[in-house]
Amino acid sequence: MFKEGLEYFDKNLKNLTIKTENFFKKGYALSKIGKAEEALAEFSKAQEFNQNFIETHFYKGVCYLSLLQFDKAINEFDECIKLNSSYSEAYFNKGICLMKKEKSDEAIYEFEKAIKLKKSSVYYETFGNVLTKLGRVEEAKIQFEKMKKV
């Protein structure tokens with residue numbers, strides 16, 4: 001499905017007025033088939049036309065995270081948050097990056113922000129796992145209980 005989409009986007013990028021959305025969609029399709037570096041190039045092209053297209057920043061962050069380039073990912077998630085301070089997924093993914101960088105206190109802060117904005121079983125489970133890893137078992141149990149209620 002995504003490979004066929006790439007052909008469609010290539011054709012339309014040549015035949016139609018170049019739009020941010022076309023580059024974004026091509027980058028998104030590339031990211032979904034595991035081509036993060038190629039996706040980043042398409043997202044960057046989209047940003048040439050619109051720096052404030054929030055999804056481009058978000059998925060660039062996701063690609064950088066998959067490539068273990070945590071500082072670049074954090075920068076992209078921060079851009080999302082500047083554009084929309086209620087973007088829970090940006091806080092959540094920033095927390096993941098911070099955990100990978102072993103900055104657990106900062107990560108916990110980001111996870112708490114994400115959960116405050118959106119009650120998600122994935123958020124609670126991940127936060128519970130982080131707390132367990134840090135030896136904060138009782139706090140983790142609370143998160144796991146909250147997860148069951150979502």
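1. One aromatic cluster is formed by Phe 24, Tyr 28, Phe 43, Phe 53, Phe 58, Tyr 59, Phe 77 and Tyr 87. The coordinates come from a predicted model, and a search of the whole structure returns 12 aromatic pairs.

2. Among these pairs is the one between Tyr 28 and Tyr 59, which is edge-to-face, with 5.1 Å from centre to centre and 85° between the planes. Because Tyr 28 belongs to helix H2 (residues 20–32) and Tyr 59 to helix H4 (residues 54–66), the pair ties together parts that are 31 residues apart in sequence. Tyr 28 counts as partly exposed, since its relative accessibility is 26%, and buried would require a value under 20%.

3. Helix H2 itself, with 13 residues, reaches 18 Å from its first C-alpha to its last, which is close to the 18 Å expected at 1.5 Å a residue. Its buried residues are Thr 20, Asn 22, Phe 23, Phe 24, Lys 26, Gly 27, Ala 29 and Leu 30; of these, Phe 24 is also a member of the aromatic cluster. Just after H2, Gly 34 adopts a positive phi of about 80°.

4. A further point concerns Lys 94, which is located in helix H6 (residues 88–100) and counts as buried because its relative accessibility is 14%. Leaving aside residues up to four places away in sequence, Lys 94 touches Ile 74, Phe 77, Asp 78, Ile 81 and Glu 110.

How values were computed: Residues are numbered from 1 along each chain as its sequence is written. This is a predicted model: local features need pLDDT of at least 70, side-chain atom pairs count only at pLDDT 80 or more; totals for chains, interfaces and linings use all residues. Side-chain values use heavy atoms; hydrogens and water are left out. Rings of Phe, Tyr and Trp (its six-membered ring) pair if their centres lie within 6.5 Å; planes under 30 degrees apart count as stacked, over 60 as edge-to-face and the rest as tilted. Helices (H or I, at least four residues) and strands (E, at least two) are DSSP runs, numbered from the N terminus. Buried means under 20% relative accessible area, exposed over 50%, partly exposed in between (1.4 Å probe, protein chains only). The expected span of a helix is 1.5 Å times one less than its number of residues. Contact means heavy atoms within 4.5 Å.
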